[in-house]
Amino acid sequence: MRSRCPRCDAFMAEPTPVARSCQRCGGYWITMDVVAKRTNEPDVAGQLAAIAAAEAVPGQRRCPGCGAAMGVTRFREIEVDVCSPCGAVFLDPGEVRLLATSQAPAPQFNDQIVATYFLAL
C-alpha cells in the first residue's frame, strides 16, 4: 500500500524503505538512521530521539511509515515532525537543506541536491 504525505495527503514516492518524498509539496520522510548517515553525525539520531521524547508535543500529522501520530519538536532551529514508534522524521520543503547544512552552511546547496543526497542510499 502506498503511503500518503502527512503535509498535503498526496501519494508519496517510495524509492526505498527508509526514505520517501512527496512530489506535490516537496516534503521528505526519512528514518533517523538516514539522517545520521547523511549528516555524518552518528549520534544525531539519539539526540533527536531524546529531544522528541522529552519535548515533542502531539501533532496533527500521521507518519507515512507506520500511521502513528507524529510529535512536533524543535531540533537545531528546525521544526521537525517525529515518529517515535518507527524512528523517522518528516521534513517540510527547505528543512532537509537546513538539517544537512546546520553544522557547516553551504549556500551552493539547493533543496533538490540535498534531497537527492538524503534519498540516495
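**Notebook: salt bridges and cores**

I counted three salt bridges in the structure, each being a side-chain nitrogen of Lys or Arg within 4 Å of a carboxyl oxygen of Asp or Glu. The model is predicted, so I noted its limits: local features need pLDDT of at least 70, side-chain atom pairs count only at pLDDT 80 or more, and totals for chains, interfaces and linings use all residues. Residues are numbered from 1 along each chain as its sequence is written, and side-chain values use heavy atoms, without hydrogens and water.

I looked up arginine 7 and found its side chain in a salt bridge with aspartate 92, at 3.6 Å from N to O. This pair links the segment before β1 (13-16) to the loop between β7 and α3, 85 residues apart; strands (E, at least two residues) and helices (H or I, at least four) are DSSP runs, numbered from the N terminus.

I then checked aspartate 81, which bridges to arginine 61 with the closest N and O atoms 2.8 Å apart. Aspartate 81 is buried at 6% relative accessible area, and arginine 61 is buried at 19%; buried means under 20%, exposed over 50%, partly exposed in between (1.4 Å probe, protein chains only).

Arginine 61 also meets aspartate 92, at 2.9 Å from N to O. I wrote down that shared partners join Arg7, Arg61, Asp81 and Asp92 into one network.

Of its 19 residues, Ile30, Val80, Val82, Val89 and Leu91 touch the most other members.

Notes. Core = buried A, V, L, I, M, F, W, Y, C linked by side-chain atoms within 4.5 Å.
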